[in-house]
Amino acid sequence: AIATAKDAIATLTEEIAALEAGIKALDKSVAEATEQRKNENAEYKELMASDTAAKEVLGFAKNRLNRFYNPKLYKSPPKRELSREERIFV
């Protein structure tokens with residue numbers, strides 16, 4: 001009975017060690033995946049910002065072309081009131 005108990009303890013110890021190694025490997029893979037997702041998210045945000053800027057530039061260009069080729073669709077820029085500091089320099 002004692003020998004069987006010692007064998008069971010040895011087996012359980014080996015299983016616990018294997019499970020601990022598995023947990024460490026899983027933690028490592030989760031950390032790597034998290035880092036990858038953070039990098040991908042940063043790239044996506046940068047891409048979306050540049051896309052937005054490109055859309056604005058295209059809108060300005062389209063409006064400027066409308067000014068000459070299709071005046072009915074041209075939208076003049078809104079009148080901007082100068083601030084006190086800007087009036088001093090102008």
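Let's start with the fold. The protein has 2 helices and 0 strands. Keep in mind that this is a predicted model.

Helix 1 covers residues 2-69. Helix 2 covers 84-89, and a loop lies between helix 1 and helix 2.

Now the overall shape. What is the radius of gyration of the protein? The value is 33 Å. A compact globule of 90 residues would come out near 12 Å. The dimensions belong beside that number. Along its principal axes, the C-alpha trace spans about 100 × 35 × 15 Å.

Next, burial. How much of the protein is buried? Buried residues are 2% of the 90 residues.

On to charge. There are 16 positive side chains and 15 negative ones. The centres of the two sets sit 19 Å apart.

Let me zoom in on helix 1. Take Lys38, which is in helix 1. Is Lys38 buried or exposed? Its relative accessibility is 55%, so Lys38 counts as exposed. The cut-off for exposed is over 50%. From Lys38, look along to Ala54. The two are 16 residues apart in sequence. In space they are 24 Å apart, C-alpha to C-alpha.

Leu47 is also a helix 1 residue. Its relative accessibility is 45%, and therefore Leu47 counts as partly exposed.

Last stop, the loop. Pro77 lies there, between helix 1 and helix 2. Pro77 counts as exposed because its relative accessibility is 57%. Now pair Pro77 with Asn63. They are 14 residues apart in sequence. Their C-alpha atoms are 9.8 Å apart in space.

To recap: 2 helices and 0 strands, a radius of gyration of 33 Å, and 2% of residues buried.

Methods:
Residues are numbered from 1 along each chain as its sequence is written. This is a predicted model: local features need pLDDT of at least 70, side-chain atom pairs count only at pLDDT 80 or more; totals for chains, interfaces and linings use all residues. Side-chain values use heavy atoms; hydrogens and water are left out. Helices (H or I, at least four residues) and strands (E, at least two) are DSSP runs, numbered from the N terminus. The radius of gyration is taken over C-alpha atoms; the globule rule is 2.2 Å times the number of residues to the power 0.38. Buried means under 20% relative accessible area, exposed over 50%, partly exposed in between (1.4 Å probe, protein chains only). Lys and Arg count as positive and Asp and Glu as negative; His and the chain ends are not counted. The place of a charge is taken as NZ of Lys, CZ of Arg, CG of Asp or CD of Glu.
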